[in-house]
Amino acid sequence: MSLTLWTNCRLATMQADALQAYGLIEDAALVVDGDQIQWVGPRSALPNDLRQRCDAVHDAHGALITPGLIDCHTHLVYGGDRALEFELRLNGATYEDIARRGGGIASTVQATRSAGPDELLQQSQRRLLALLAEGVTTLEIKSGYGLALAHERKTLQVARLLGQQHGVDVRTTFLGAHALPPEFAGRSDDYVDEVLRMLALLHAEGLVDAVDAFCERIAFSPAQVERVFAAASQLKLPVKLHAEQLSDSGGAQLAARFGAISCDHLEWLSDEGAAAMAAARSVAVLLPGAFYFLRETRIPPIELLRRHGVPMAVSTDCNPGTSPCTSLLLMLNMACTLFRLTPEEALAGVTRNAAQALGLRDRGVLAAGMRADFVLWDLQHPAQLSYALGARPSVQTVFNGEPR
Ligand code: DI6
Ligand code: FE
């Protein structure tokens, strides 16, 4: 393996136990061995023999280097959009009016089902490229707009293909229990049976890294979610949950009982829910884009999460209905302005804690032994990542040890 030295840079290592904020190291060096980080530290501490074994040296020209960004909650693969619905609502139509006319989530299911794999790939790729332009190197993509075997399979295959084609690590999540498809109207328990059947088949095809569900009055009940989680646990798949987004249904406690890697949204999270998450070591995934787009007024209980020591991640929730967002940096800003996270917490939320939310231990911080996924920014200080809106800082992304 060849060793590559990156020098003349400032590192935000994001190591949890660092003494400096952001794990900041001034005038730093970083050595990459193939696809792994071999060494990080102040340039003055770089061992001479290691320096001499480096056969490539990159001058970073004073760049700030962070871990590659991780968007740990997206529904990026879907057909069509909901711009007309957005317009109708601003002209006074209610969500129910639109749903009765076949709009809302049902319209995305219809558009996703009628798109062929190539078309779905094209449409989704545009969103992916926007995320990659901001230094995303790992991305979770959920199914959940197919809601039938062939279409859930198509969604997950497109997600995997996007990862193979674009130098980004895509983790797929099966979200069959996202909404009730029209053909199962009035028969939600029968649909849960179908979700279990789809899960077993898609898992056997190697298309599923984790299992998610939407636990809400308008979606699936705790008892139904429990059936999905029991099946996932049988298959030894990690679970996560859309929990307490619109009401408190005790989803966090339920998810914690199954050792969920994350609970997501959490605007209505209770004290008991937070305690259960802390005990289960579940990550709280905060989604300020959905909060903003739905014009919600109740923010997730950040102070409670801090008090219980629950790690917080931040993500786009990229989806056509509640967060048509393809900027993770904008979410950093909104996590600070809307939810009052500090810029350091926000950055940890798209690096170290986002990795944990995906059950990944080999990324999210700059440290020896980690994957060589990192981003060079033309910025002075990591707080600038949360501070600016639409700044589009120039980035160079290194993915798996290679400039992308
Ligand atoms: N929560 C949400 O906010 C989205 N999905 C979910 O589980 C809504 C998706 C949509 O409206 O298309
Ligand atoms: Fe979501």
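A salt bridge here is a side-chain nitrogen of Lys or Arg within 4 Å of a carboxyl oxygen of Asp or Glu; by this rule the count comes to 21 salt bridges. This is a predicted model, in which local features need pLDDT of at least 70 and side-chain atom pairs count only at pLDDT 80 or more. Residues are numbered from 1 along each chain as its sequence is written, and side-chain values use heavy atoms, with hydrogens and water left out.

**View 1. The iron ion (ligand 2) and its protein donors.**
His73 (NE2), His75 (NE2), His242 (NE2) and Asp317 (OD) lie 2.1 to 2.2 Å from the iron ion (donors are N, O and S atoms within 2.8 Å of the metal, or 3.2 Å for Na, K and Ca). In sequence, these donor residues follow the spacing H-x1-H-x166-H-x74-D. Look for His73 in the loop between strand 5 (69-71) and helix 2 (83-90), and for His242 in strand 9 (residues 240-243). Helices (H or I, at least four residues) and strands (E, at least two) are DSSP runs, numbered from the N terminus.

Glu85 is buried at 7% relative accessibility, while Arg89 is partly exposed at 30% (buried means under 20% relative accessible area, exposed over 50%, partly exposed in between; 1.4 Å probe, protein chains only).

**View 2. A salt bridge between Glu140 and Lys240.**
The closest N and O atoms are 3.5 Å apart. This pair links distant parts of the chain, with Glu140 in strand 6 (residues 136-142) and Lys240 in strand 9, 100 residues apart. Both Glu140 and Lys240 are buried.

Definitions and conventions
Chains lettered and ligands numbered in written order.
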